[in-house]
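Thanks for coming. I will go through one structure this morning, starting with its aromatic rings. Please have a look at it first.

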Amino acid sequence: LFLTNFASKVTVVHRRDEFRAEKILQERLFAHPKIEVIWNNAIDEVVGSTDPMGVTGVKLKHTETGEVREIPADGVFIAIGHAPASELFRGQLEADSAGYLKVEAGSASTAIKGVFAAGDVTDDVYRQAVTAAGMGCMAALEAARLLAEEDHEKAHHPISHQEAAKIGVW
């Protein structure tokens, strides 16, 4: 829908025969005169040239028959779902039912001290690179603050006599 503000025609290529998006968005998409949907296909190749035209089309592969065809295109925008890439952390960090990692409100801190999460694995609303970059900065600042606090605690808690004896310091 957003791309229709910039293009005379938008072709949505979808690998299945139905969308899982919210019904209201589907209704808007299907009603829009600039949008065409090609079902059961996936982009097999982006076709282009070295001249200033760049992209000239895409080769589509039918997901059921394997048939390949080429359609013209002046540009390609790829968006593959909204599932967070958080499988690596399954069973280690708390996540919601959709797989987004849980962080403290207004923070990048997870339930495990010293472990921070940022970007698309935590953001189920905006899911954008700029948000991920901002959250990454937030996580870095929080990590630096945590390390500074730990250094401060060590400086004000001298080692015990037993620890000193182990390393030969008195």
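There are 4 aromatic pairs in this structure, which is a predicted model. Take Phe-2 and Phe-6: their rings pair edge-to-face, 5.2 Å from centre to centre, with 65° between the planes. Both of these residues are exposed.

Now a second pair. The ring centres of Phe-19 and Trp-39 lie 4.8 Å apart and the planes meet at 50°, so this pair is tilted. The pair connects distant parts of the chain, as the two residues are 20 residues apart. Phe-19 sits in the loop between E1 and helix H1 (23–31), and Trp-39 in the loop between strand E2 (35–38) and strand E3 (41–48).

Buried or exposed, where does Phe-19 fall? Phe-19 has a relative accessible area of 15%, so it counts as buried, the cut-off being under 20%. Trp-39 has 28% relative accessibility and therefore counts as partly exposed. Ring pairs also bring in Phe-30, giving a cluster of Phe-19, Phe-30 and Trp-39.

Back to Phe-6. It lies in the segment before strand E1 (10–13).

Last, a residue away from the rings. Which loop holds Glu-67? The one between strand E4 (55–62) and strand E5 (68–72). Leaving aside residues up to four places away in sequence, Glu-67 touches Leu-60, Lys-61 and His-62. Between Glu-67 and Asn-41 there are 26 residues in sequence and 9.2 Å in space, C-alpha to C-alpha.

Note on methods:
Residues are numbered from 1 along each chain as its sequence is written. This is a predicted model: local features need pLDDT of at least 70, side-chain atom pairs count only at pLDDT 80 or more; totals for chains, interfaces and linings use all residues. Side-chain values use heavy atoms; hydrogens and water are left out. Helices (H or I, at least four residues) and strands (E, at least two) are DSSP runs, numbered from the N terminus. Contact means heavy atoms within 4.5 Å. Rings of Phe, Tyr and Trp (its six-membered ring) pair if their centres lie within 6.5 Å; planes under 30 degrees apart count as stacked, over 60 as edge-to-face and the rest as tilted. Buried means under 20% relative accessible area, exposed over 50%, partly exposed in between (1.4 Å probe, protein chains only).
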